[in-house]
Amino acid sequence: MGTADGSAPRRVLVVEDNPDGLETLVALLEMLGHEVAGAADGEQAIQQAAAFRPQVVLLDLGLPVMDGYEVARTLRQDLRFDDVFIAALTGWGAEGDRRRTADAGFDAHLTKPVELPALEAVLARSGQRCAQG
């Protein structure tokens with residue numbers, strides 16, 4: 001079974017400390033046909049990743065407990081998450097911000113508020129990484 005855009009459904013972990021933003025993104029991804037879990041802070045993100053085994057992580061950078069950079073580093077150091085596609089989810093979209101997320105091991109950089117075409121493009125790109133893993 002495919003998603004609304006015809007791509008294969010993904011297991012997506014959304015990590016966002018803003019409750020409204022988290023709820024909205026989870027609902028949108030579910031409507032698009034993906035299996036979705038959410039986490040509100042960095043520590044929850046690591047726990048959810050271990051339990052849910054996502055293919056894609058949409059990761060806010062400004063999180064309580066552990067920031068998004070620390071979460072990304074932790075996931076990248078764990079062999080269970082070798083093929084996970086990690087996209088930064090942030091209000092910061094300048095070139096320096098994008099370079100910093102790329103240097104930290106993120107596969108993509110989404111600027112809030114996330115627009116549907118940008119989100120769908122990242123999910124489509126995630127399929128390429130998941131297929132390589």
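This is a predicted model: local features need pLDDT of at least 70, side-chain atom pairs count only at pLDDT 80 or more; totals for chains, interfaces and linings use all residues.
Let me begin with Arg 53, which sits in the loop between H2 and E3. The phi of Arg 53 is near 50°, a positive value in a residue other than glycine. Most residues other than glycine have a negative phi, and most peptide bonds are trans. With a relative accessibility of 36%, Arg 53 counts as partly exposed. For that term, buried means under 20% relative accessible area, exposed means over 50%, and partly exposed lies in between, with a 1.4 Å probe and protein chains only.

Residues are numbered from 1 along each chain as its sequence is written, and side-chain values use heavy atoms, with hydrogens and water left out.

Val 65 is exposed, because its relative accessible area is 59%. The other feature is a cis peptide bond between Lys 112 and Pro 113, with omega about -5°. Pro 113 lies in the loop between strand E5 (108-111) and H5.

I turn now to the overall fold. The protein has five helices and five strands, and from the N terminus on they run β-α-β-α-β-α-β-α-β-α. Its C-alpha atoms fill a box of roughly 35 × 30 × 25 Å along the principal axes. Of the 133 residues, 41% count as buried. Among contacts between residues at least 6 apart in sequence, 61% join residues at least 24 apart; contact here means heavy atoms within 4.5 Å.

What does the interior look like? In soluble globular proteins, nonpolar side chains tend to be buried together. A nonpolar core is a set of buried Ala, Val, Leu, Ile, Met, Phe, Trp, Tyr and Cys residues joined through side-chain atoms within 4.5 Å. The largest such core has 22 residues, and those with the most contacts inside it are Leu 13, Val 15, Val 57, Leu 59, Leu 75, Ile 86 and Phe 106. At least two residues of this core come from each of strand E1 (11-15), strand E2 (35-39), helix H2 (42-52), strand E3 (56-60), helix H3 (68-76) and strand E4 (85-90). H3 gives the largest share, four residues. Apart from this core lies another, of 17 residues, among them Val 14, Leu 25, Val 56 and Leu 58.

Leaving aside neighbours within four places in sequence, its contacts include Ala 37, Ala 45, Phe 52, Val 56 and Val 57.

H3 itself has Gly 68, Tyr 69, Val 71, Ala 72 and Leu 75 as its buried residues. They lie on the same side of H3, because they cover an arc of only 160° around the axis, the arc being that of the directions from the helix axis to the C-beta atoms. The buried residues of H3 pack against H2, E3, E4 and H4. At the N-terminal end, Asp 67 caps H3, with a side-chain oxygen 3.1 Å from the backbone nitrogen of Tyr 69.

Ser 126 is found in helix H5 (residues 116-132) and counts as buried because its relative accessibility is 0%. Its side chain reaches the backbone oxygen of Leu 123 at 2.6 Å. Such a polar contact is a pair of N or O atoms within 3.5 Å; within protein, one must be able to donate a hydrogen and the other to accept it, and residues adjacent in sequence count only if both atoms are side-chain atoms. Not counting residues up to four places away in sequence, Ser 126 touches Arg 10, Val 56 and Phe 85. Arg 10, in the segment before E1, counts as buried at 12% relative accessibility.
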